Protein chains: 2
Amino acid sequence: MTRHDHQLHEGEALKSAARDRLTKQGEQWTDMRASVFDALAGFDKPASAYDIAEAVSKKQGRRVAANSVYRILDLFVGANLARRVESANAYVANQHPDCLHDCIFLICDTCGQTVHLDDDSLSGGVRQAAKGAGFSAPRPVIEVRGTCEDCSGS
Amino acid sequence: MTRHDHQLHEGEALKSAARDRLTKQGEQWTDMRASVFDALAGFDKPASAYDIAEAVSKKQGRRVAANSVYRILDLFVGANLARRVESANAYVANQHPDCLHDCIFLICDTCGQTVHLDDDSLSGGVRQAAKGAGFSAPRPVIEVRGTCEDCSGS
DNA sequence: TGCATAGATGTAATGTTGTATCTTACCCGA
DNA sequence: TCGGGTAAGATACAACATTACATCTATGCA
């Protein structure tokens with residue numbers, strides 16, 4: 001596995017990195033988008049759009065509809081601020097929105113905790129295999145379901 | 001990519017291989033299961049449970065409910081007769097139910113066609129990475145979204 | 001034979017995830 | 001201040017998945 005020497009953001013730093021990234025792409029950093037990002041980053045495991053809608057609703061004391069959240073999540077995924085975890089139908093905040101990786105998620109079937117690896121040699125191999133089969137614009141989805149260390153111990 | 005020298009089944013041969021495999025596991029090969037397998041194998045791209053329910057319903061002239069199909073698909077996936085394509089919420093028949101592979105799906109975003117690779121070195125690398133991170137019983141999900149050769153040409 | 005039982009399937013309802021469409025609110029430049 | 005554009009709200013609906021419980025059927029055994 002490759003080591004990351006780039007910045008791992010958290011809390012306010014992550015939030016402002018996300019804001020910078022989005023505005024740099026010509027998109028607006030609205031209150032609603034900030035709220036969705038906060039909620040997403042506040043979860044310690046992948047959150048569904050509905051989870052986020054509920055969290056934002058609670059925080060703001062008004063009902064926020066799921067479709068608004070979806071729109072914003074799509075935008076985030078497009079801007080590399082968030083990732084979709086396909087096998088969980090859920091989303092996670094990207095801790096380093098400024099680096100482009102094909103990332104690998106390890107999702108615990110027991111507790112839902114998800115850890116995130118970047119291994120460009122593995123994902124590169126998958127990309128190569130796809131290209132070799134005639135696929136263009138490949139976007140690898142590499143996830144592993146299993147049991148995390150904490151859960152397998154208990 | 002590794003070459004397959006094992007048997008690739010199709011049509012009746014595939015069906016009987018599937019039946020053998022299932023019965024060998026102590027499960028029954030019922031009419032309903034045969035119908036679901038037929039329908040699944042009859043699609044040329046990943047089929048959702050509802051697609052299959054509809055196909056079976058049409059063929060039998062009676063309404064088959066989704067949950068029956070889900071039950072059987074779960075059984076099939078457990079017995080290696082079928083695979084779930086996570087990023088498509090859909091299922092495909094496994095062409096060689098007797099071999100255990102972590103397979104790789106390439107799904108065309110345009111036409112939905114899905115090709116299936118077995119590359120044990122890639123999937124092994126992913127397994128290794130997961131184990132290295134403390135994950136046990138890893139089940140890799142490796143899929144690639146992109147554009148197939150046919151669709152990128154047009 | 002007839003009954004008990006376990007497994008398979010049917011029925012219905014419901015929950016979760018994702019889109020489509022139209023409307024409204026707001027900002028900003030002309 | 002008007003007009004165009006983007007963001008977000010409201011509503012409906014489509015697609016995917018699960019649950020609880022009823023019924024059927026094959027099988028073994030008294």
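This is a predicted model: local features need pLDDT of at least 70, side-chain atom pairs count only at pLDDT 80 or more; totals for chains, interfaces and linings use all residues.
Q: Which helices each supply at least two residues of the surface near DNA strand D?
A: Helix 2 (31-42) and helix 4 of chain A do, together with helix 3 and helix 4 of chain B. Helices are DSSP runs of H or I with at least four residues, strands are runs of E with at least two, and both are numbered from the N terminus.

Q: Which element gives the largest share of the surface near DNA strand C?
A: Helix 4 of chain B, with 4 residues. Helix 4 (66-78) of chain B is one of the elements supplying at least two residues there, and the others are helix 2 of chain B plus helix 3 (49-60) and helix 4 (66-78) of chain A.

Q: How do helix 2 and helix 3 of chain B pack, what angle?
A: About 115 degrees, with the axes of helix 2 (residues 31-42) and helix 3 (residues 49-60) of chain B 9 Å apart. Axes are lines fitted to C-alpha atoms, for helices over the stretch in contact, and angles run from 0 to 180 degrees between N-to-C directions.

Q: Left-handed or right-handed crossing?
A: Right-handed, for helix 2 of chain B passing helix 3 of chain B. A crossing gets that label if the near helix is turned clockwise from the far one by less than a right angle, and it's left-handed if anticlockwise.

Q: Which residues make the contact?
A: On helix 2 of chain B they are B:S35, B:V36, B:A39, B:L40 and B:G42, and on helix 3 of chain B they are B:I52, B:A55, B:V56, B:K59 and B:Q60. Contact means C-beta atoms, placed from the backbone, within 7 Å.

Q: Switching to the dimer side: how many residues of chain A are in contact with chain B?
A: 32 residues of chain A, in contact with 32 of chain B. Strand 5 of chain A gives the largest share of chain A's side, 12 residues. That side has 18 nonpolar, 8 polar and 6 charged residues.

Q: In which sense do strand 5 of chain A and strand 5 of chain B pair?
A: Antiparallel, over 9 bridges. Strands pair if DSSP finds at least two bridges between them. One position to look at is A:E143, which stands opposite B:V141 in strand 5 of chain B.

Q: What's the strand order of the sheet?
A: It's an open sheet of 6 strands, 4(A)-3(A)-5(A)-5(B)-3(B)-4(B), with mixed pairing. Strand 4 of chain A and strand 4 (114-118) of chain B are the edges, each pairing on one side only. The twist from one strand to the next averages 20 degrees.

Q: Where does the parallel pairing come in on chain A?
A: Between strand 3 and strand 5 of chain A, over 5 bridges. A:I107 has A:R145 in strand 5 of chain A as its bridge partner.

Q: What does A:G112 do in the hairpin?
A: A:G112 takes a positive phi near 85 degrees, in the hairpin of strand 3 and strand 4 of chain A, which has 5 residues between the strands.

Q: Last one: why does chain A's radius of gyration agree with a compact globule?
A: Because a compact globule of 154 residues would have a radius near 15 Å, and chain A has 16 Å. The radius is taken over C-alpha atoms, and the globule rule is 2.2 Å times the number of residues to the power 0.38.

Note on methods:
Residues are numbered from 1 along each chain as its sequence is written. Chains are lettered from A and ligands numbered from 1 in the order in which they are written. Two residues are in contact if their C-beta atoms, placed from the backbone, lie within 7 Å. Ala, Val, Leu, Ile, Met, Phe, Trp, Tyr, Cys and Pro count as nonpolar, Asp, Glu, Lys and Arg as charged, and the others, Gly among them, as polar.
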